[in-house]
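Here's a quick briefing on a fold and its pockets. Take a look at the model first, then read on.

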Amino acid sequence: MKMIKAIIKPFKLDEVKEALVDIGVSGLTVTEVRGHGRQKGHTELYRGSEYQVDFLPKVELTAVVAAAQVDEVIDAIVKAARTDKVGDGKIFVLDVAKVVRIRTGEEDDTAL
């Protein structure tokens, strides 16, 4: 099993969610986060004063999937989230040692 964490632009959330549902990803956690990479923030104007916004709003999606499904999930996220501009985001893939469904006690692949 693998945990996929994707940091994307907030306005792409619905498209990415639909793409994941279409390929059978049933569980998804969404967290509003702030950060920067190469984009390094931007300057905004408020009431005539300029100020620097260092951390931009992003959305972090987390899903745990079977190892065989990882490439399909990555492809779906990339296709749905890409704008071809700096700040599109990143995808991280981590190993998951164990999963337990609290309600039933099911473990690992059956708990997904």
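Which strands does helix H1 lie across? Helix H1 (residues 13-22) lies across S1, S2 and strand S5 (56-65), at about 10° to S5. This is a predicted model, where local features need pLDDT of at least 70, side-chain atom pairs count only at pLDDT 80 or more, and totals for chains, interfaces and linings use all residues. Residues are numbered from 1 along each chain as its sequence is written, and side-chain values use heavy atoms, with hydrogens and water left out.

**Sheet and helices**
- Four strands make an open antiparallel sheet in the order S2-S5-S1-S6 (helices, H or I, have at least four residues and strands, E, at least two, as DSSP runs numbered from the N terminus; pairing takes at least two DSSP bridges).
- At the edges sit strand S2 (29-35) and strand S6 (89-95), each pairing on one side only.
- Strand S1 (residues 2-8) is joined to S6 by seven bridges, and Ile7 has Lys90 as its bridge partner in S6.
- Helix H2 (residues 70-81) lies across S1, S5 and S6, at about 10° to S1 (axes are lines fitted to C-alpha atoms, for helices over the stretch in contact, with angles from 0 to 180 degrees between N-to-C directions; contact means heavy atoms within 4.5 Å).

**Pockets**
- The largest pocket holds about 360 Å³ of space (an open set on a 1 Å grid, 1.4 Å probe, with protein on both sides within 12 Å along at least five of seven lines; lining residues have an atom within 4 Å of a point; volume is the space filled by probe spheres set on the points).
- Its 14 lining residues include His36, Gly37, Arg38, Gly89 and Lys90, which lie nearest the centre.
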